[in-house]
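Please keep the sequence and the model in view while reading.

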Amino acid sequence: METATAVLAQRIGAVIRRASKKRASDWWYSPHMAATSSAIAERLPLADLILEVRDARVPLSSKYELLKNFPSPLRRIVVLNKMDLANSSRTKFLNFLQAKVRELKKMDNSCSTAAIMLVGIPNAGKSALANSLHNIGRISAAEKGKLKHAVVSSQPCETKDISSLKIASNPNVYVLDTPGVLPPDISDFETGSKLALIGTLRDSLAGKKQLAQLFLSILDSGREYKQWENLSTSGSGRLSVDFREEYSGSSEIETRRKRQYPSDHTQDFIVQDVRRVLYESISSTCVNLRCRKEVLRLIELQLAALRKPFRIPLELGEEDACIRVSEKLLNLYRIGRLGHFTLDSIPNPKDIDLHDTS
């Protein structure tokens with residue numbers, strides 16, 4: 001029998017596939033994105049170095065399709081972004097890029113100015129990386145003047161044009177930040193569902209509740225939640241009916257309390273409450289993770305229970321409350337407050353060829 005995660009992923013993947021086939025969105029491979037693809041393809045041979053930015057949560061699924069036919073792996077570096085990098089790590093990375101540029105310049109005896117092109121799918125963090133390199137490069141070079149920044153947004157497809165930022169001197173190195181480009185269509189269900197879950201695609205396409213269900217199915221079947229055991233206030237033998245009653249959110253006390261808390265769900269005390277509810281919901285209910293129906297039922301209970309820690313108003317309708325919970329839950333997952341998940345099945349590192357274009 002298929003797991004709940006597989007079923008939910010297939011449902012979302014099917015929606016993504018239909019949307020990509022029909023271009024059922026004003027931003028999915030729109031005329032502007034098609035023109036951007038052509039512009040990037042024209043500039044690729046002119047760049048001294050190509051940085052392919054992938055999302056570390058889906059290092060295989062976030063492969064940039066436009067590089068399929070790019071001939072030179074020596075001029076291409078795969079960067080796994082969305083990892084917790086300290087400033088010192090980014091400085092080392094800039095030094096590495098400068099050394100790589102000098103090496104390439106010695107090989108072709110060209111001018112002292114180099115261009116590094118950042119490419120990748122939407123929302124992989126290209127603009128944030130460009131800004132980081134730019135800031136560090138300008139500071140280290142003691143250059144004056146107002147810093148020019150690439151626009152950074154949590155929403156995909158916000159970068160509209162190819163922009164140039166200087167990141168180093170001696171030799172002069174410029175980074176070209178490019179708009180994210182989706183493939184013309186995504187036929188693989190699994191890839192589509194993963195890209196939707198991490199926020200590469202807009203939530204309205206697959207639905208916030210459906211994406212939240214997929215995340216919860218992954219959390220419930222893993223081990224990440226066990227690190228929150230110290231937050232639990234319940235006994236170990238509590239039944240699922242107790243869980244439903246405790247977090248039903250129907251008390252008058254909660255009605256009075258909810259006005260005492262601000263609406264920012266990323267605050268530590270709210271995040272801790274969310275973690276506790278999720279831990280207790282999984283550990284206190286005897287759910288057979290191989291039984292799809294039981295897991296789906298647990299997910300529905302979790303979405304209902306999370307109304308309390310997220311301080312969702314009781315007067316809000318059930319469906320609207322579920323959407324609000326789903327939205328906040330997805331946000332916490334995407335900013336790393338609910339653990340770190342690698343969604344792709346990664347083989348042994350020595351067997352991975354990040355330059356494979358097949």
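## Terms and basis

A residue is called buried under 20% relative accessible area, exposed over 50%, and partly exposed in between, with a 1.4 Å probe and protein chains only. By this scale Lys68 is partly exposed, because its relative accessible area is 42%.

The model is predicted: local features need pLDDT of at least 70 and side-chain atom pairs count only at pLDDT 80 or more, while totals for chains, interfaces and linings use all residues. Residues are numbered from 1 along each chain as its sequence is written, and side-chain values use heavy atoms, with hydrogens and water left out.

## Salt bridges

The structure holds eleven salt bridges, a salt bridge being a side-chain nitrogen of Lys or Arg within 4 Å of a carboxyl oxygen of Asp or Glu. One of them joins Glu65 to Lys68, with 3.4 Å from N to O. Glu65 is partly exposed because its relative accessibility is 35%. Elsewhere, salt bridges that share partners join Glu52, Arg54 and Arg76 into one network.

Strands (E, at least two residues) and helices (H or I, at least four) are DSSP runs, numbered from the N terminus. Both Arg76 and Glu52 are buried. A further salt bridge connects Asp55 and Arg57, whose closest N and O atoms lie 2.7 Å apart. Asp55 counts as buried because its relative accessibility is 1%, and Arg57 is buried with a relative accessible area of 11%.

## Helix H11 and its neighbours

Two packed helices are described by the angle between their axes and the distance between the axes. Axes here are lines fitted to C-alpha atoms, for helices over the stretch in contact, and angles run from 0 to 180 degrees between N-to-C directions. The axes of helix H7 (residues 208-220) and helix H11 (residues 292-305) come within 10 Å and cross at roughly 115°. H7 is therefore roughly perpendicular to H11; angles of 65 to 115 degrees count as roughly perpendicular, under 35 as roughly parallel, over 145 as roughly antiparallel, and the rest as oblique. Contact means heavy atoms within 4.5 Å. On the H7 side, the residues that meet H11 include Lys209, Gln213 and Asp220, and their counterparts in H11 include Leu298, Glu300 and Gln302.

Helix H10 (residues 268-283) also has an axis that comes within 10 Å of that of H11, with a crossing of roughly 150°. H10 is therefore roughly antiparallel to H11. Val277, Leu278, Ser281 and Ile282 of H10 make the contact with Leu298, Gln302 and Ala305 of H11.

## Positive phi in two loops

Asn123 has a phi near 65°, a positive value in a residue other than glycine. Asn123 sits in the loop between strand E3 (113-120) and helix H4 (126-140), and it is buried, with a relative accessible area of 17%.

Arg311, also a residue other than glycine, has a positive phi near 55°. The loop that holds Arg311 runs between H11 and helix H12 (318-334). Arg311 is buried, its relative accessible area being 14%.
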